[in-house]
Amino acid sequence: APAANPAGSGPSLVPLREFSRVSTSQPDYPDDARRKGTEGWVRLEFTVNERGQVRDIVVVAAEPSGVFEDAASAALARWRFRPPVAADGRPVPLRTSVQLRFELED
């Protein structure tokens, strides 16, 4: 089982680099943000379950707030990973985080 973090608020986060991604998808750029030339980022925490699916997505921070969170969460929900495994070889759910950037191309 994942270790509890020192603050006691649940399992500690495993670095994303520890996971093997099977598939990812880019978020759709919100039309309103594109028209206004708005760029930003969203930091999300999530669980990779025993089947390699993304679950329990939580927006931790976003800049600017209220613009990209839905698009980032929807894209992340489509990502797939190789299921994380414990030392004994059985699949286990683990939490991690990612920051998705929204940048307009010139």
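Biologist: Hi! Leaving aside its neighbours within four places in sequence, which residues is Phe19 in contact with?

Modeller: Phe19 is in contact with Val14, Val48, Phe81, Pro84, Leu94, Arg95 and Thr96, once neighbours within four places in sequence are left aside. Contact means that heavy atoms lie within 4.5 Å. You are looking at a predicted model, in which local features need pLDDT of at least 70 and side-chain atom pairs count only at pLDDT 80 or more, while totals for chains, interfaces and linings use all residues. Residues are numbered from 1 along each chain as its sequence is written, and side-chain values use heavy atoms, with hydrogens and water left out.

Biologist: Thanks! Is Phe19 buried or exposed?

Modeller: Phe19 is buried, at a relative accessible area of 9%. Buried means under 20% relative accessible area, exposed means over 50%, and partly exposed is in between, using a 1.4 Å probe and protein chains only.

Biologist: And how far apart are Phe19 and Val48?

Modeller: In sequence they are 29 residues apart, and in space 8.9 Å separates Phe19 from Val48, C-alpha to C-alpha. Phe19 itself sits in the segment before E1.

Biologist: So what pattern does the protein chain follow along the sequence?

Modeller: The pattern reads β-α-β-β-α-β-β, with two helices and five strands in the protein chain. Helices (H or I, at least four residues) and strands (E, at least two) are DSSP runs, numbered from the N terminus.

Biologist: What share of contacts joins residues at least 24 apart?

Modeller: Among contacts between residues at least 6 apart in sequence, 71% join residues at least 24 apart. As for burial, 30% of the 106 residues in the protein chain are buried.

Biologist: Changing topic: what pLDDT does the protein chain average?

Modeller: The average is 90, and 90% of the residues score at least 70. pLDDT is the predictor's confidence in each residue, on a scale from 0 to 100. Over residues 1-9, though, the pLDDT is below 50, and that stretch has 12 contacts in the model beyond near neighbours in sequence.

Biologist: Good to know. How many salt bridges are there?

Modeller: The count comes to three salt bridges. A salt bridge here is a side-chain nitrogen of Lys or Arg within 4 Å of a carboxyl oxygen of Asp or Glu. Side chains of opposite charge can pair when their charged atoms come close.

Biologist: Are Asp32, Arg35 and Lys36 buried or exposed?

Modeller: Asp32 is partly exposed at 39%. Arg35 counts as exposed at 64% relative accessibility, and Lys36 counts as exposed at 60%.

Biologist: What about Arg90 and Asp88?

Modeller: Their side chains meet in a salt bridge with an N to O distance of 2.9 Å. Arg90 is partly exposed, at 45%, and Asp88 is exposed, at 55%. As for networks, salt bridges that share partners join Asp32, Arg35 and Lys36 into one.

Biologist: Where is Glu69 found, and which side chain of opposite charge is nearest?

Modeller: Glu69 is found in helix H2 (residues 69-77). Glu69 is buried yet has no salt bridge, and the nearest side chain of opposite charge is Arg43, 12 Å away. For that label, Lys and Arg count as positive and Asp and Glu as negative, with His and the chain ends not counted.

Biologist: What does Glu69 touch, then?

Modeller: Not counting residues up to four places away in sequence, Glu69 touches Val42, Val59, Ala62 and Pro64. A polar atom of the Glu69 side chain also lies 3.0 Å from the backbone nitrogen of Val67.

Biologist: Pro64 came up there. Is the peptide bond from Glu63 to Pro64 cis or trans?

Modeller: The bond is cis, with omega near -5°. Pro64 is in the loop between strand E3 (54-63) and H2.

Biologist: Last one: what is the phi of Asp56?

Modeller: Asp56 has a positive phi of about 55°, although it is not a glycine. Asp56 is in strand E3 and is exposed, with a relative accessible area of 53%.

Methods: A polar contact is a pair of N or O atoms within 3.5 Å; within protein, one must be able to donate a hydrogen and the other to accept it, and residues adjacent in sequence count only if both atoms are side-chain atoms.
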